[in-house]
Amino acid sequence: MKPNKHAVFVAAFLLLASAAPFVPNAAGICPAITAAAEETPQITESGKLSDTVSWQLDSAGTITVTGYGDMSDVTGNLSSYSRKIKKAIICNTDSEHTLTAISASLFSGCNALTEVTLPDTVTTIGNQAFYKCSGLVTCNFPAELMQIDEYAFYNTALTEITLPGCVLSPNAFSRCTSLTTLTIKDDTEIIPLDCFSHCTALESVRLPDSVKRIESRNWDHGAFYHCPNLKDVSIGKDIEYIHSDAFRTEGSALEVTFREGVTAIPADAFNGRGELTTVVLPKTLTSVGANAFKDCSKLSTCLFPDSIQEIGESAFYNTGLTEITLPGCSFGSYAFSRSKVLKTVTIKNGTESIPSDCFSHCSALESVLLPDSVKRIEGRNWDHGAFYHCPNLKDVSIGKDIEYIHSDAFRTEGSALEVTFREGVTAIPADSFNGRGELTTVVFPKTLISVGANAFKECSELSTCLFPDSLQEIGESAFYNTGLTEITLPGCSFGSYAFSRSKVLKTVTIKNGTEIIPSDCFSHCSALESVRLPDSVKRIEGRNWDHGAFYHCPNLKDVSIGKDIEYIHSDAFRTEGSALEV
């Protein structure tokens, strides 16, 4: 006759109730029972959690739970023994009858519990299974574990944990104030809100490549909210989303490493994380999202790999970076705006446009080296220039492809600005530095052909500028009201008002080649004393009494005119007040 399985199970249980405690083998199965030694702790209490799960507690505080199934029909818990249970061993009945889940609240509140051993067959740890087991220091996490439910290990004393790739739930490990090191293996995709919040001793986190999302709901529900000792976070290649409050770790000096394989830093990832000090970007990175590191005011270390193609709007707004070398990529507005410590910017070839406000309000910025590839330096209006309000900006170098500079791009009020147009530049765009009273020095290349209209108009402090012989055209009002005192110009064409309204210009010499001095070209140059025109000049023009080429130059004393002269307008030298010698 075939024995009844249930009867065998009950008989075995009754025998075990008076024998030595279970000690499972590597497979989580309890071995055959032998007679108890005299000093072995004795079973003091026992019971059943379901038809297939039983337990026994010995005099040393070790509880052994054995059975099979997912414990889904377990409605009670062991909290009434919370002061007695010190160690928990979970066993399978045999290799064919295994436990697959730890039931919800099973050990909830067992604050004397220090050690838990789970069988490899467990795939789920239920809601609050070890909730507030504040003495729990050791727990193995089975390799086959698939899910850890809410509050499962809330407020335990775990110190180092390595989790298999599984589904994590909110608050699963929250308030584990002894936890220092966290490693999660591949397959986990989401770190939910509050999962590791308030782990005040947590120092190191290594997330797997599989993690796509690190979540939060608002400022105090981040996955790693209030981990004030968190110093080292490593993030893998599949990351798609990081909530801006996920790492609100206030108090820490946080270093984040994005490992090789990461191609994009999500928008807002560390927005507002003033505790972030270091970011390591991989050589595989192609884009940094908008606001990704905005207001990371202590972020002082970040190397930008050449692989980056795009840096989004406000990505590094108000950071602590002091010197940056950027790859040739595109930038969003405000990308590096409002830095209080950034001093040096170097951009490599490939970047074509510096957008409005890109480096505005960088109050410590001193030096900018732009690549030959830059075609446009933008602005929107007086307070939206690419380099608006950089009061310490002294040195700007611009390369050969420049086509457009907004007149407010360098509205740097307060600086003594020197701009160098490097060899290869052939044209200075119109209006480039119109109104830039802070500009003191311009260095022109030997390749320069033209200076656009109003290019340096109202640059009243511009006192140093050498004009190369290559220059063929100086546009209308190009140097209107500058601080130049002596100029020697190549034989080229001039627009009306080209050098008008200077208060300090004293001497003008023009080399051979120029044929016409147009109306108002040097009008109202109140300090002008001496003019030497080349033999090639044929016409000195005016339109009426107040538009002569040299109208109202009251200190003009000496004018020298050459052999090709054909026409001089009657008002060309209406200089009222001077004792003129021609």
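Are arginine 273 and glutamate 275 buried or exposed? Arginine 273 is buried, and glutamate 275 is buried as well. The model is predicted: local features need pLDDT of at least 70 and side-chain atom pairs count only at pLDDT 80 or more, while totals for chains, interfaces and linings use all residues. Residues are numbered from 1 along each chain as its sequence is written, and side-chain values use heavy atoms, with hydrogens and water left out.

**View 1. Arginine 273 forms a salt bridge with aspartate 245.** A salt bridge is a side-chain nitrogen of Lys or Arg within 4 Å of a carboxyl oxygen of Asp or Glu. The closest N and O atoms of this pair are 3.6 Å apart. Arginine 273 lies in the loop between strands S19 (264–265) and S20 (276–280), and aspartate 245 in the loop between strands S17 (241–242) and S18 (254–258), so the pair ties together parts 28 residues apart in sequence. Strands (E, at least two residues) are DSSP runs, numbered from the N terminus. Arginine 273 has a relative accessible area of 2% and aspartate 245 has 9%. Buried means under 20% relative accessible area, exposed over 50%, and partly exposed in between (1.4 Å probe, protein chains only).

**View 2. Arginine 273 also forms a salt bridge with glutamate 275.** Here the closest N and O atoms are 3.3 Å apart.

**View 3. Aspartate 306 and lysine 348 meet in a salt bridge.** The N to O distance is 2.9 Å. Both residues lie in loops, and the pair ties together parts that are 42 residues apart in sequence. Aspartate 306 is exposed at 55% relative accessibility, whereas lysine 348 is partly exposed at 37%.

Definitions and conventions
Helices (H or I, at least four residues) and strands (E, at least two) are DSSP runs, numbered from the N terminus.
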